[in-house]
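Visitor: I am new to this structure. Please take a close look at one part, the place where the chains meet, and describe it for me.

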There are 2 protein chains.
Amino acid sequence: MINRTRIRDALKATEPMESVTVMGWVRTRRDAKDFSFVDLNDGSCLSGLQVILPGDLPDYDRWIGEITTGASLQVQGHLVASQGKGQRWELQASAVQLMGRSDASYPLQKKRHSPEFMREMAHLRPRSNLFGSVFRVRSRLAQAVHRFFSERDFFYIHTPIITASDCEGAGELFRVTTLDPSRGGDPTKDFFGKPSYLTVSGQLAAETFACALSNVYTFGPTFRAENSNTSRHASEFWMIEPEMAFCDLGGDMDLAEAFVKYLIQDTLDQSAEEMAFFDAFVDKGLLERLRWILERPFERVAYTQAVDILLQSGQRFEYPVQHGLNLQSEHERFLTESHFKGPITVYDYPKAIKPFYMRANDDGQTVAAMDVLVPGIGEIVGGSQREERLEVLESQLRAHDLSLEDYSWYLDLRRYGSVPHSGFGMGFERMLMFLTGVTNIRDVIPFARTPGHASF
Amino acid sequence: MINRTRIRDALKATEPMESVTVMGWVRTRRDAKDFSFVDLNDGSCLSGLQVILPGDLPDYDRWIGEITTGASLQVQGHLVASQGKGQRWELQASAVQLMGRSDASYPLQKKRHSPEFMREMAHLRPRSNLFGSVFRVRSRLAQAVHRFFSERDFFYIHTPIITASDCEGAGELFRVTTLDPSRGGDPTKDFFGKPSYLTVSGQLAAETFACALSNVYTFGPTFRAENSNTSRHASEFWMIEPEMAFCDLGGDMDLAEAFVKYLIQDTLDQSAEEMAFFDAFVDKGLLERLRWILERPFERVAYTQAVDILLQSGQRFEYPVQHGLNLQSEHERFLTESHFKGPITVYDYPKAIKPFYMRANDDGQTVAAMDVLVPGIGEIVGGSQREERLEVLESQLRAHDLSLEDYSWYLDLRRYGSVPHSGFGMGFERMLMFLTGVTNIRDVIPFARTPGHASF
């Protein structure tokens with residue numbers, strides 16, 4: 001197999017190249033009098049390479065008609081400065097080989113397609129400018145996640161996907177079984193000998209590792225069996241959950257802010273071409289907004305203060321604003337978009353609306369929880385300091401009607417060498433939507449799973 | 001919260017430090033006449049820091065008895081050159097704070113525990129030398145996986161965990177459901193409207209992305225509902241699956257060999273302390289074996305040649321050796337351990353024992369498959385060139401009794417701009433076992449899932 005030059009590398013050439021071989025897919029072909037232009041793309045970058053097929057290539061008339069949108073080609077030629085507008089280099093072909101044909105039934109002909117149509121074509125859509133860009137950015141963002149934590153000496157932990165415990169006692173769970181769910185069967189004969197589920201969070205498992213290795217994080221798939229069809233919910237999504245021993249809520253908020261900013265900066269640096277595309281075609285003003293966010297600290301706002309701001313805003317909201325109630329998406333957006341005009345970190349939420357494991361504050365009313373809220377998205381990070389006092393945690397479990405026996409391993413972390421520790425979760429797709437301006441979560445996941453949809 | 005110095009950083013100090021604060025867990029305490037030694041570990045590295053608690057610290061007699069194995073401490077003091085053997089630095093404490101007590105019921109007292117006992121203590125075992133080391137190496141290995149592909153401009157793809165298609169039509173699958181598997185229910189009322197499963201491989205989905213972005217890889221959890229209780233099988237494990245467009249079997253074998261060697265070299269470089277520990281206490285000769293493997297190319301052996309070697313070996317095997325049959329673990333180990341004395345890549349396997357998607361060779365008998373086999377483990381990589389010819393692939397699907405309709409999206413990759421492409425899978429835990437010498441897969445997974453076991 002001939003060594004190919006990736007189109008990304010060809011486009012970054014610093015001087016003409018005598019003999020280059022590229023391979024890729026035809027986006028378009030335009031015929032001129034004595035030659036044809038082909039826009040060839042190999043997915044290594046957003047831009048394609050302009051290929052000139054001279055009419056005097058052997059048998060030109062026989063094969064030129066087969067060079068159609070979607071076909072795959074191998075082209076050898078000279079990389080020369082382009083005379084045309086819009087590109088610096090073009091390839092003057094000296095030999096062409098058609099690798100795989102396409103035809104008029106190819107679904108991604110050069111025109112705008114609806115997002116719904118593209119979701120039906122999830123196996124082909126990464127060949128388009130929009131989705132190719134989304135998934136290149138997604139890949140670099142995942143790499144940046146690992147780099148951020150690696151640079152800070154966090155250990156990456158693979159917490160289990162299949163679990164017999166239900167973190168937070170909340171959320172609707174998928175059951176995992178080897179019984180036939182249409183016929184039913186004895187649950188003690190099931191694969192794990194008891195009911196098991198897909199995880200909703202790796203936090204509790206990550207805590208066990210933080211209480212041994214100090215600083216750890218997870219980055220893996222999590223699941224919700226919620227039957228909700230919104231643009232922001234998927235049944236399967238990836239989550240990042242750092243967990244730090246010897247760290248309080250202040251340190252947790254510091255890390256979350258540094259993390260969000262690192263991911264923004266890295267994406268602006270590493271995916272400049274794609275980000276310019278999103279700014280132009282998906283969300284005008286995206287780049288300006290992200291740069292604005294990078295430049296200033298996230299305001300830190302106590303929950304009670306946030307509620308006071310909402311109460312005094314004179315704004316009409318669909319959902320009630322009241323001390324003790326959860327902030328709704330519209331409230332979060334008002335705070336970030338209208339009031340603070342940037343991301344904020346809200347902390348010290350009412351105990352009654354938060355899970356059992358969050359550390360009780362001395363006021364008896366609130367817990368050491370924090371959420372990072374960003375414009376356009378709302379909550380992008382949710383975290384807390386964890387309750388490290390055995391007796392307090394036990395009474396919290398009882399208050400939430402959870403079994404002390406089921407959580408005895410979790411309580412062991414407080415029985416033996418308990419330490420203050422904190423962590424948070426970030427929805428990876430939420431962050432990707434925030435960075436790209438893409439508004440439907442289905443369009444930033446390779447093959448999205450939502451109620452009724454598990455195709456491919 | 002006071003800024004702490006990680007013990008790893010303290011141990012790497014280049015000169016004494018006036019005032020240092022460390023936090024961690026007590027491994028042991030030894031009392032001398034006027035002071036106590038504490039071995040303090042924070043998991044940032046294998047070694048602990050020797051802390052000297054002088055007897056003239058305030059109230060020494062009152063609290064020294066509480067500094068027990070498993071307790072957590074904050075210690076301030078001077079980092080000074082150690083007079084004792086075995087460490088360069090020690091901490092002369094000027095202030096001590098007990099963060100969390102422990103007591104005699106702490107399961108990880110200083111003595112050897114059986115692997116079975118430690119598996120029951122999976123929430124505490126990362127605090128031990130062995131498991132702390134395993135999971136630090138695991139983390140660095142995962143980072144190395146991402147770095148290897150990032151350096152080669154591969155895009156990381158999150159292929160779906162929940163799937164309605166059964167890659168390879170093989171293996172036993174976990175069902176994912178929101179029906180109650182003990183009572184049964186209408187499968188069309190299930191969450192996704194049809195039976196869905198946990199993935200056994202991301203390959204087919206990765207192929208769709210390779211046919212758009214050229215070079216991609218997956219790294220995520222995969223599942224097998226096999227009811228087998230061996231030291232090498234887990235129900236949930238992580239797999240790495242690169243997929244390359246414009247790449248044939250030769251390129252695939254090149255990448256696999258480079259990948260295995262990169263992971264060995266990186267682990268030797270990044271985890272030197274842990275590797276010395278494994279070499280001394282887990283698998284004597286480990287380091288020598290890994291270095292030997294690094295130095296030489298993997299021999300490439302056609303399947304027929306491998307079978308001839310086995311047939312002519314005079315060796316007695318439990319399972320039959322015969323052209324056309326699969327190589328068993330004992331055969332693989334004979335080849336790598338006795339005959340070639342190193343890793344080998346076996347290629348061109350009989351078509352009849354391989355899945356439908358592997359590319360048919362011109363001989364009509366074999367497919368362009370390859371396995372990398374390593375001493376002690378057997379198969380560590382399995383891959384192939386994929387069948388890119390539409391008609392051949394269709395006839396293969398028929399031959400395997402698979403539905404052309406179910407795979408129509410997969411066939412589309414051959415209908416529109418088909419290209420030669422190749423890939424492989426590596427079991428992450430297998431690689432980790434190979435690198436650490438740990439022989440039971442349950443001991444390299446944070447919380448292992450096996451038949452009957454889904455605790456924590």
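Guide: The interface of chain A and chain B

In contact here (heavy atoms within 4.5 Å) are 111 residues of chain A and 110 residues of chain B. This is a predicted model, in which local features need pLDDT of at least 70 and side-chain atom pairs count only at pLDDT 80 or more, while totals for chains, interfaces and linings use all residues. Residues are numbered from 1 along each chain as its sequence is written, chains are lettered from A in the order in which they are written, and side-chain values use heavy atoms, without hydrogens and water.

The size of an interface is often given as the accessible area lost when the parts come together. Between chain A and chain B, the buried area (accessible area, 1.4 Å probe, that two parts lose on being put together, summed over both) is about 8,900 Å², and carbon and sulfur atoms give 64% of that. On the side of chain A, the most area is lost by His158(A), Phe246(A) and Tyr416(A), together 9% of what that side buries.

Four salt bridges (a side-chain nitrogen of Lys or Arg within 4 Å of a carboxyl oxygen of Asp or Glu) are counted between chain A and chain B. One of them is formed by the side chains of Arg6(A) and Asp153(B), at 3.2 Å from N to O.
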